[in-house]
Amino acid sequence: MARYVDGFVLPVPKKNLDAYRKLAQIAGEVWKEYGALEYVECIAEDVQSGEVTSFPQAVKLQEGETVVFSWIIYESREQRDSINEKVMKDPRLADLKPENLPFDGKRLFWGGFEMLLKM
């Protein structure tokens, strides 16, 4: 079952959700084209602020924003590294500079994970 997952959590202004959805659609197509097995974007629906930790606290959620939780699944870490190298050079994503994003990239967090269990 060797699989590798990149996970992302970020705040998106609700007024920018259409722009984010368009960007995510293009990004998903690019990642899948280069070999990602799955590309998933989810918008918060039942996410509460916690007393110690929570998704809203993790991204320093501000009024008028919502949390997006995303992941990309690959065959392996090696495949992920190879795919991401190609994705970052793809002209369809050339405008992915901080000033062009429909969200605050400084409050985005991500990481790579080895899959422990999938049922």
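Predicted model: local features only at pLDDT ≥ 70, side-chain atom pairs only at ≥ 80, totals over all residues.
## Fold and dimensions

Three helices and four strands make up the secondary structure of the protein chain. Their order along the sequence is β-α-β-α-β-α-β. Strand S2 covers residues 38–43, and strand S4 covers 109–114. Helix H3 spans residues 77–89.

The radius of gyration of the protein chain is 15 Å, which agrees with the value near 14 Å that a compact globule of 119 residues would have. Along the principal axes, the C-alpha atoms fill a box of roughly 40 × 35 × 20 Å. Among contacts with a sequence separation of 6 or more, 84% join residues 24 or more positions apart.

## Burial and surface

Of the 119 residues in the protein chain, 34% are buried. The chain exposes about 8,100 Å², and carbon and sulfur atoms supply 54% of that area.

Ala94 and Leu117 are 23 residues apart in sequence, and their C-alpha atoms are 35 Å apart in space.

The protein chain carries 16 positive and 20 negative charges, and the mean positions of the two sets are 3 Å apart. Side chains of opposite charge can pair when their charged atoms come close. With a limit of 4 Å between a side-chain nitrogen of Lys or Arg and a carboxyl oxygen of Asp or Glu, the count comes to ten salt bridges. Three of these pairs are described below, with their places in the chain or their accessibility.

## Lys118 and Glu38

A salt bridge joins the side chains of Lys118 and Glu38, with an N to O distance of 3.6 Å. This pair links distant parts of the chain, 80 residues apart: Lys118 lies in the segment after strand S4, and Glu38 lies in strand S2.

Both partners fall in the intermediate accessibility class. Lys118 is partly exposed at 47% relative accessibility, and Glu38 is partly exposed at 30%.

## Arg77 and Asp81

Within helix H3, the side chains of Arg77 and Asp81 meet in a salt bridge with an N to O distance of 3.2 Å. Because Arg77 and Asp81 are four residues apart in this helix, about one helical turn separates them. The relative accessible area of Arg77 is 42%, so this residue is partly exposed. Asp81, at 34% relative accessibility, is also classed as partly exposed.

Asp90 and Arg92 form another salt bridge, in which the closest N and O atoms are 2.8 Å apart. Arg92, with a relative accessible area of 39%, is partly exposed. Elsewhere, salt bridges that share partners join Asp6, Arg77, Arg80 and Asp81 into one network.

Technical notes. Residues numbered from 1 in each chain as written. Heavy atoms only, no water. Helix = DSSP H or I, 4+ residues; strand = E, 2+ residues; numbered from the N terminus. Rg over C-alpha atoms; globule rule 2.2 N^0.38 Å. Buried < 20%, exposed > 50% of the residue type's maximum accessible area, 1.4 Å probe, protein only. Contact = heavy atoms within 4.5 Å. Areas by Shrake-Rupley, 256 points an atom, 1.4 Å probe, with all protein chains shown as cover. Lys, Arg positive; Asp, Glu negative; His and termini not counted. Charge placed at Lys NZ, Arg CZ, Asp CG, Glu CD.
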